[in-house]
Amino acid sequence: MLHVVISAKDDRNRTVTNIGDFFRASILTREEEGGGKQTGRKKEIGGSGAVGIITDHQNGTYTATFRLLWEGEVTIRIQLVHPRQAIDFIERNIRRYPIDLVAFQKRYVVGHDTVDTQCNVDPVIFKNTSAVCNYSDPHAGVWWYCEKAASISCNTPGYHSILRYKEVNDMDRELFRSGNGALKMLISGSPSKISVGRGRDPLVNRGRCVRGLVIPQISGFYQRGVWNSLVCKNRHFSSQLGWQQCLQGKTLHFMGDSTIRQWWEHLVRILKMTETHIPEAKHSTGPLLAQDPVHNITVNFRIHGPPLRAEWTRTFHIKYVVNAIDEIEGGPSDVVGLTIWAHFTSYPVEVYKQRMEAVRAAIERLLHRSPETLVVIKSANTRMGNELISGDWLAHKLDLMMREMFRGMDVVLVDVWEMTIAQHWHGDAIHPAEDIVVQELEFLCTFICPL
């Protein structure tokens with residue numbers, strides 16, 4: 001094990017007794033390939049990497065703990081994502097604008113005209129409106145309201161879309177400008193690199209990947225760009241045939257946001273599946289359906305429903321996740337993949353908690369009626385974005401709640417948060433790069449057809 005001590009200091013080198021700074025820690029070994037003859041530049045390709053565990057000692061010092069998992073020169077990477085003061089600012093902003101950091105709308109088409117009405121999780125935001133359409137579904141953990149349009153029934157189908165983000169003033173924008181210390185600043189220290197000798201192979205004695213395994217804080221690592229689970233023997237496919245043999249006879253139901261839509265997209269591409277066009281459905285929000293009739297593989301995607309920061313989507317195509325889960329009969333041929341987080345970061349955590357409690361109850365019902373159904377929870381991933389509405393601190397909070405919500409259940413966690421921090425050859429992105437997503441799917445498949 002490697003332990004690195006981090007001290008928080010101000011610009012005069014005085015120790016600052018911050019409590020709760022948001023750090024990331026990782027170790028890495030870079031792999032490069034030669035550039036072209038003209039430029040002579042080298043391009044970084046998938047290297048080796050693993051996360052470290054941060055311990056806050058509540059006195060301005062922190063410890064990053066690493067497992068040394070491969071041989072060679074290793075670089076220590078410590079990143080201050082946000083100091084405590086920036087986190088406090090983000091939290092105050094959520095308390096100040098608990099509903100309206102993001103606004104939504106429903107559109108009706110009446111002849112050649114359109115009528116737009118504002119929507120959100122609480123009707124109190126509609127200050128000048130007396131009549132309200134209530135689209136809430138307590139069974140699904142959803143509270144959702146829209147202004148009522150004059151002479152149009154609330155039951156009239158329409159279109160849902162994002163309306164606007166709350167304007168960020170120049171002072172707030174400057175606070176989170178890259179390089180000013182409030183946003184993802186690399187921390188220098190000594191030594192910055194160490195040499196690791198040959199040790200015991202960390203991948204020996206791994207068992208089969210089955211549900212119910214205890215997931216350690218460091219659950220895997222990359223070696224030359226390949227993800228290795230420390231929990232169990234994970235799969236990597238070298239051909240399309242391997243994927244087809246693993247997934248033969250399976251129906252996969254992916255539900256949530258666009259980060260799990262990537263699972264649908266890459267499986268369809270890898271398996272060269274035939275997509276069935278659903279009238280008036282948008283690719284970004286679905287529903288999406290693809291099939292491989294030769295191997296009897298079906299892959300579905302369904303968006304989780306409002307709040308939904310999306311382009312115009314027909315409301316009759318939107319179904320809350322709980323209700324979609326309740327419609328699945330389940331069985332050994334069914335796989336349910338789920339992630340919900342990216343569209344909830346602008347709200348107080350209570351809004352998210354209500355939704356996820358209902359989702360947990362729906363999964364419990366599914367596993368009760370069909371214990372052989374495989375349920376997979378995809379964690380959040382790192383990203384870049386407006387830190388006051390959708391940044392890593394807000395995503396991290398929801399991710400921790402999601403993990404706690406499903407703790408002790410007979411489900412599988414795909415820890416994409418760890419997988420995106422451990423890699424260093426792509427930047428943070430709401431939609432991780434292809435090589436990362438494919439390895440997320442390979443880990444999923446490990447539980448469908450264990451080694």
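1. Helix 3 (residues 240-247) has these buried residues: Gly 242, Trp 243, Gln 244, Cys 246 and Leu 247. Buried means under 20% relative accessible area, exposed over 50%, and partly exposed in between (1.4 Å probe, protein chains only). Helices (H or I, at least four residues) and strands (E, at least two) are DSSP runs, numbered from the N terminus. The model is predicted: local features need pLDDT of at least 70 and side-chain atom pairs count only at pLDDT 80 or more, while totals for chains, interfaces and linings use all residues. Residues are numbered from 1 along each chain as its sequence is written, and side-chain values use heavy atoms, with hydrogens and water left out.

2. The cover over the buried residues of helix 3 includes strand 16 (251-256), strand 18 (288-292), strand 19 (297-303), helix 4 (258-271) and helix 9 (434-448). After helix 3 comes Gly 249, which has a positive phi, near 80 degrees.

3. Leu 398 belongs to helix 7 (residues 392-405). With a relative accessible area of 2%, Leu 398 is buried. Apart from neighbours within four places in sequence, its contacts (heavy atoms within 4.5 Å) are Trp 341, Phe 344, Thr 345, Val 349 and Tyr 352. Ser 379 is 19 residues from Leu 398 in sequence and 9.5 Å from it in space, C-alpha to C-alpha.

4. Ile 215 sits in the loop between strand 13 (193-196) and strand 14 (220-223). Its relative accessibility is 39%, so Ile 215 counts as partly exposed.
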